[in-house]
Amino acid sequence: TAANIWFSLLFTCPLLPARFHDAPVLSPSRLSVIVSVIMAGFFQGALDPLFLELAAEVSYPVSEGTSAGLMTLTYNLAAFIVLTVSPSLPVTWVNTIY
């Protein structure tokens, strides 16, 4: 969504080498970070039921609980990997992952 792109522009642009930019595209102020996180959370939370319904329709012969369970397992495994790996990475790489 646009909120995710906005959040990404707040933090990735200052990490680029100086030859690619003179100043950040967006300055990461406290208010802009708070607003972008709230908007991203709202829109992603609103889209979760649609993704679960789409997964149930695509995997029709399988029950809805199975497809929802697999999606939840995938989300949780990805979050576990990111949270496990991120402490061992440099700070600049962590901003790129998120």
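## How H2 and H3 pack

In this predicted model, helix H2 (residues 30-58) packs against helix H3 (residues 64-85) at an angle of about 125°, and their axes lie 9 Å apart. Axes here are lines fitted to C-alpha atoms over the stretch in contact, with angles running from 0 to 180 degrees between N-to-C directions. That makes H2 and H3 oblique to each other (under 35 degrees is roughly parallel, over 145 roughly antiparallel, 65 to 115 roughly perpendicular, and the rest oblique). The H2-H3 crossing is right-handed (the near helix is turned clockwise from the far one by less than a right angle).

On the H2 side, the contact (heavy atoms within 4.5 Å) uses Phe51, Leu52, Ala55 and Ala56, while H3 brings Glu64, Ser67, Ala68 and Met71. Sort those residues by type and you get six nonpolar, one polar and one charged (Ala, Val, Leu, Ile, Met, Phe, Trp, Tyr, Cys and Pro are nonpolar; Asp, Glu, Lys and Arg are charged; the others, Gly among them, are polar).

## The chain as a whole

The chain has four helices and zero strands (DSSP runs: H or I of at least four residues for helices, E of at least two for strands). Read from the N terminus, its elements go α-α-α-α.

Of the 98 residues, 13% are buried (under 20% relative accessible area, 1.4 Å probe, protein chains only). The accessible surface is about 7,400 Å², with 73% of that belonging to carbon and sulfur atoms (Shrake-Rupley method, 1.4 Å probe). As for contacts between residues at least 6 apart in sequence, 38% link residues at least 24 apart.

## Ground rules

Residues are numbered from 1 along each chain as its sequence is written, and side-chain values use heavy atoms, leaving out hydrogens and water. Local features need pLDDT of at least 70 and side-chain atom pairs count only at pLDDT 80 or more, whereas totals for chains, interfaces and linings use all residues.

Methods
Buried < 20%, exposed > 50% of the residue type's maximum accessible area, 1.4 Å probe, protein only.
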